[in-house]
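Have the model open while you read.

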Amino acid sequence: MNKAQTTYLIKQKARELGFMYCGISKADFLEEEAPRLENWLKQNMHGQMHYMENHFDKRLDPRLLVEGAKSVVSLLLNYYPEKETQQPDEGTYKVSKYAYGTDYHFVIKDKLKDLLRYINEEVGEVGGRCFVDSAPVLDKAWAKKSGLGWVGKNSNLITPQVGSFYFIAELIIDLELDYDGPIKDYCGSCTRCLDACPTDAIVAPYVVDGSKCISYFTIELKDQLPQEMNGKFGNWIFGCDICQDVCPWNRFSKPHQEPAFAAHPQLRDMKSTDWQEITQEVFSQLFKKSAVKRTGYKGLLRNIQFVQQSDENQT
Ligand code: SF4
Ligand code: SF4
């Protein structure tokens with residue numbers, strides 16, 4: 001089988017496994033990203049996400065992660081929920097859409113393993129590793145390089161046909177394939193995400209100060225939430241979708257077809273008062289295998305109380 005045929009087969013199998021898009025790049029040093037990452041870290045925009053400081057070289061060069069790496073296969077898995085299953089904008093506290101169903105790490109890892117197994121069956125012995133947000137891989141940079149979208153001013157990867165509500169995963173393998181090229185940036189003169197961010201975390205177009213982002217505060221920060229953020233979270237208690245919700249490209253989002261990402265039916269009906277009274281038991285039911293477990297029951301309670309207190313201060 002030649003390179004073009006193998007590339008075709010891999011992309012076809014990726015689609016069969018439910019991935020929306022698949023793009024491939026040569027495993028090489030990420031020259032353009034190096035100064036950007038260095039600056040971001042220097043300015044402490046990662047806050048308490050100290051793990052971002054680790055493996056600087058590996059983050060920029062996949063050949064240091066996987067021996068003999070030749071190709072980075074980037075894959076997108078849609079998580080955009082059907083409108084009817086989404087939480088309403090008013091009268092409730094909100095959880096980022098990506099966390100509605102089963103934790104994506106589990107779902108995607110299984111699919112990636114299937115893809116790697118398939119490549120081994122079809123092509124012969126191919127070495128590689130699967131990555132989902134779990135190791136030092138700059139997933140957006142690779143997806144961008146592979147033509148799956150451009151990185152928008154809100155720092156999300158945007159795919160013209162489907163917007164940005166998807167997970168990005170990679171397979172790094174020691175097999176040479178045909179490579180894709182990047183596409184144009186279509187943000188143009190739009191500034192909707194910058195204008196809408198309630199904490200001014202998008203400090204300049206294309207630069208998100210992670211340490212000011214609601215996602216960071218509600219998920220990553222282990223301490224008390226800073227009082228200067230009082231009143232700025234709106235009703236977000238786990239993550240934040242604002243800069244994606246306002247992005248005009250997300251009018252092209254289509255509902256996912258992944259049963260594992262379906263929300264617990266009760267989630268949509270939870271009112272603010274239900275959240276304020278949430279018990280450990282209800283938490284466990286609602287978020288049985290969800291990524292919300294990352295912040296835990298206590299973390300979620302902290303976030304709920306913070307938002308509730310902000311509401312009370314405003315009335
Ligand atoms: S996720 Fe929310 S807080 Fe973070 S940059 Fe986007 S709008 Fe701002
Ligand atoms: S909201 Fe506008 S500026 Fe922001 S990422 Fe989307 S298109 Fe780009």
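Which residue in strand 7 is the bridge partner of Leu75? The answer is in point 2.

1. Some ground rules before the details. This is a predicted model, where local features need pLDDT of at least 70, side-chain atom pairs count only at pLDDT 80 or more, and totals for chains, interfaces and linings use all residues. Residues are numbered from 1 along each chain as its sequence is written, chains are lettered from A and ligands numbered from 1 in the order in which they are written, and side-chain values use heavy atoms, with hydrogens and water left out. Helices (H or I, at least four residues) and strands (E, at least two) are DSSP runs, numbered from the N terminus.

2. Start with the sheet pairing. Ala169 is the partner of Leu75 in strand 7. Strand 2 and strand 7 (residues 166-173) run antiparallel and are joined by eight bridges; two strands pair if DSSP finds at least two bridges between them. Another of these partners is Ile172, which sits across from Val72.

3. Strand 2 also has a neighbour in strand 1: six bridges join the two, again antiparallel. Here Gly23 has Ser74 as its bridge partner.

4. How much of strand 2 is buried? Eight of its eight residues are, where buried means under 20% relative accessible area, exposed over 50%, and partly exposed in between (1.4 Å probe, protein chains only). Ser71, Val73, Leu75 and Leu77 are covered on one side, and Val72, Ser74, Leu76 and Asn78 on the other.

5. Now helix 1 (residues 3-16). Its 14 residues reach 20 Å from first C-alpha to last, close to the 20 Å expected at 1.5 Å a residue; the expected span is 1.5 Å times one less than the number of residues. Asn2 caps the N-terminal end, with a side-chain oxygen 3.2 Å from the backbone nitrogen of Ala4. Just after the helix, Gly18 takes a positive phi of about 105°.

6. Which residues of helix 1 are buried? They are Thr6, Thr7, Leu9, Ile10, Lys11, Lys13 and Ala14. As background, an α-helix has 3.6 residues a turn, so residues three or four places apart point the same way. The cover over the buried residues of helix 1 includes strand 1 (21-26), strand 2 (71-78) and helix 4 (104-123).

7. A couple of charged residues deserve a look. Lys13 in helix 1 counts as buried because its relative accessibility is 18%. Lys13 touches Leu115 and Tyr118, leaving aside residues up to four places away in sequence; contact means heavy atoms within 4.5 Å. Glu258, in the loop between helix 8 (242-245) and helix 9 (272-276), counts as buried at 15%.

8. Arg59 belongs to helix 3 (residues 56-60) and is buried, with a relative accessible area of 8%. Its C-alpha is 5.2 Å from that of Val137, 78 residues apart along the chain. Not counting residues up to four places away in sequence, Arg59 touches Leu30, Leu37, Tyr51, Met52, Asn54, Pro136 and Leu138.

9. Two backbone angles to check. Ser155 has a positive phi of about 70° although it is not a glycine; Ser155 lies in the loop between strand 5 (150-151) and strand 6 (157-158) and is buried at 18%. Tyr206, also not a glycine, has phi near 75°. Tyr206 is in the loop between strand 8 (202-204) and strand 9 (207-208) and counts as partly exposed at 37% relative accessibility.

10. Last, ligand 1. Around it are Cys197, Thr199, Ala201, Ile202, Cys213, Ile214, Cys240, Ile242 and Cys243, a residue being near if one of its heavy atoms lies within 4 Å. This shell divides into eight nonpolar, one polar and no charged. Ala, Val, Leu, Ile, Met, Phe, Trp, Tyr, Cys and Pro count as nonpolar, Asp, Glu, Lys and Arg as charged, and the others, Gly among them, as polar.

Conventions: Polar contact = N/O pair within 3.5 Å; in protein donor to acceptor, adjacent residues only side chain to side chain.
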